[in-house]
Amino acid sequence: MFKTVIPFGPQHPVLPEPIHLKLTVEDERITEAIPSLGFVHRGLERLADLRDFHQMIQVVERVCGICSMIHAVCYCQGIEELMAVEVPPRAKFLRVIWSELHRIHSHLLWLGLFADSFGFESLFMQFWRIREKIMDINEATTGNRVIISVNVVGGVRRDLSHAQIKWVLSELQMIEQDIKRLENTMLSDYTIKKRTVGKGLLTAPQASELGAVGPTLRGSGVAQDIRQTGYAAYGELDFEPVVETDGDCYARCKVRFRETLASIDLILQAIANLPAGETRQKVKGRPEGETVTRVEQPRGELLYYIKANGNKNLERLRIRTPTFANIPALLTMLPGMWLSDVPVIVLSIDPCISCTER
Amino acid sequence: MQGDIIAVGPETLVREAAQAKVDGYRLVTLSCVELDAETVDILYHFDKDLTLKHLRLTVPKGTPVPSISAVHWAAFLAENEIQDLFGLHFTGLAVDYEGTLYLEDEVRRTPFCRYSIRQSDKNTPAPDARQEMGEN
Amino acid sequence: MLKNLIQKSRIKSPWLLHYDCSSCNGCDIEVLACLTPVYDIERFGIINVGNPKHADILLVTGTVNQRNKKVLVNLFDQMPHPKAVIAIGSCALSGGIFREAYNVVGGVDKVIPVDVYVPGCPAKPEAIIDGVVLGLEKLKTASLPARL
């Protein structure tokens, strides 16, 4: 059988972002996949030399526009640890609320794109219609739809009023109902199962060995979620990681779907327990020392390594994003699959290339 | 920093990394930090049940570093990244992009090395940085 | 006659090609949001296509970097005349917050000619739709293709 090399990307209808995969196929079966990155590489870790550690918040938010809030939380936590700043409890809860809003909108976005990857366009539209409600909440509470920029070192710069909380609760109720209405279609439709069950298999030992994170790891039956470490206010909320055991695209889809509902529950809990008080601690001085902080992004574990030497610029900022960790897993999922399943499998890890390459 | 930090040398690195794998640790990532003009630190972050462990390898620039991608295959991306950005050389890489994972030829090599780049060279390739690469 | 018909249908139903240079995704998801129910530009006959040879309008988000500038030029060259280029978001305009990063070339206009600039970080869907409408003006006044 002849081997053919087929390029996939960088500009491809199912991919909102550019990644290039060199696929070697025999007949229509994939035998090898080699990624080529660099289409989104900007080198923003090095911007730490030009911007001071407060200004870097705006830069790290733009590592990824989809989970910008969570990047900023991770970065601020690192700096706060270095400077021994105690964040007010209300700020911690507000961080959870906005982080979970970001997780819901990211997962809804993914569920839509995933439906689109196997050609189910009306489902794509349905999920994105629900997602707009989350964007409205973001806009109403912070002033921007996507990059909400509420984090500062020492807390958050905005607060939620009583009226806003009431409105957010009623919106969330509607969103929950809307999502549940789609559950039957997304999780038990015959055609969707045909396209996803058994595709892109990743066993639990493989997933751990390849360093997979987030829903990709949990879809293979490993219950690991950085939120279990209890950063921000997660320690005070009732939370169980969502786990599925099949390790295929369908399992990963189920994990994300159930996480969306779990996130709504977390927001409701956070709002119910929201303590009164300040939202921002005054910060003086400059960070010194080195630290590693981790948070859970919609796509998985996010790690920041920060090294500071008492100057206003950080000495080194290293960002390890979840998609970067999931690419080796993706490369092992692809061989043996049909060429027509590539879009579905690539999307099943929820690739965020601008995160990956920074 | 959370977790233990174990200092390793180039000769014990692969053994320690393999030991971590046997102990059930998951490789999180590699971080490279430039210490001064001559040396860099590479931190290997491992995780097991949400606790971190780090291996710290301090190497002079220009010495080849043994790759751990034979043990932890997933390390190849991070190692290629360091190869691109810091101009280090890893021996025994599972997939070697030879410094083209992120960067095109127009960009200076080793953009993350502070000590070989001057701000005035921003748009022109820094000759000394290139030379350094050649020597590697 | 036929020329008028083509001209009219082009204005009434422009097809978009979206390319993400090295955007942070903020603008990309806003471009996609334009296509989905709340903003729904498909009701105007605007369709997002994956093939540059079918497209009338090129939407570019994000800064241009050393690697993707070749892809961008390639896509632009493959689009048939007349065509309009719309740069979306601060990064596509000037490089935005990333302008000093070492791998960033700058705004889209350093590589291909841009007709409409849509500012914002990220640009709001309303602004993007506005930008597309402005881009249509150019298609309207565009004379015959310079070369066929």
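## Interface and aromatic pairs of chain A

A salt bridge joins the side chains of A:R51 and C:E100, at 2.7 Å from N to O; the term denotes a side-chain nitrogen of Lys or Arg within 4 Å of a carboxyl oxygen of Asp or Glu. The model is predicted: local features need pLDDT of at least 70, side-chain atom pairs count only at pLDDT 80 or more, and totals for chains, interfaces and linings use all residues. Residues are numbered from 1 along each chain as its sequence is written, chains are lettered from A in the order in which they are written, and side-chain values use heavy atoms, with hydrogens and water left out.

### The interface of chain A and chain C

Across this interface the rule finds three salt bridges. There are also 11 residue pairs in polar contact, both residues being at pLDDT 80 or more. A polar contact is a pair of N or O atoms within 3.5 Å; within protein, one must be able to donate a hydrogen and the other to accept it, and residues adjacent in sequence count only if both atoms are side-chain atoms.

On the side of chain A that touches chain C, the elements giving two or more residues are α1 (56–61), α3 (89–117) and α4 (121–142) of chain A. Helices here are DSSP runs (H or I, at least four residues), numbered from the N terminus. The most is given by α4(A), with eight residues.

The size of an interface is often given as the accessible area lost when the parts come together. Chain A and chain C bury about 3,300 Å² between them, with 63% of it on carbon and sulfur atoms; this area is found with a 1.4 Å probe and summed over both parts. In chain A, the residues that lose the most area to chain C are A:Q11, A:F39 and A:R42, together 21% of what that side buries.

### Aromatic pairs

Over all chains, a search of the whole structure finds seven aromatic pairs. Rings of Phe, Tyr and Trp (its six-membered ring) pair if their centres lie within 6.5 Å; planes under 30 degrees apart count as stacked, over 60 as edge-to-face and the rest as tilted. Two of the pairs are listed here.

| Pair | Centres apart | Planes | Class |
|---|---|---|---|
| A:F124 and A:W128 | 5.5 Å | 55° | tilted |
| A:F127 and A:F257 | 6.4 Å | 75° | edge-to-face |

A:F124 and A:W128 both lie in helix α4 of chain A, four residues apart, about one turn of the helix. The pair of A:F127 in helix α4 and A:F257 in helix α9 (residues 249–272) links distant parts of chain A, 130 residues apart.

Key. Buried area = accessible area lost by both parts, 1.4 Å probe.
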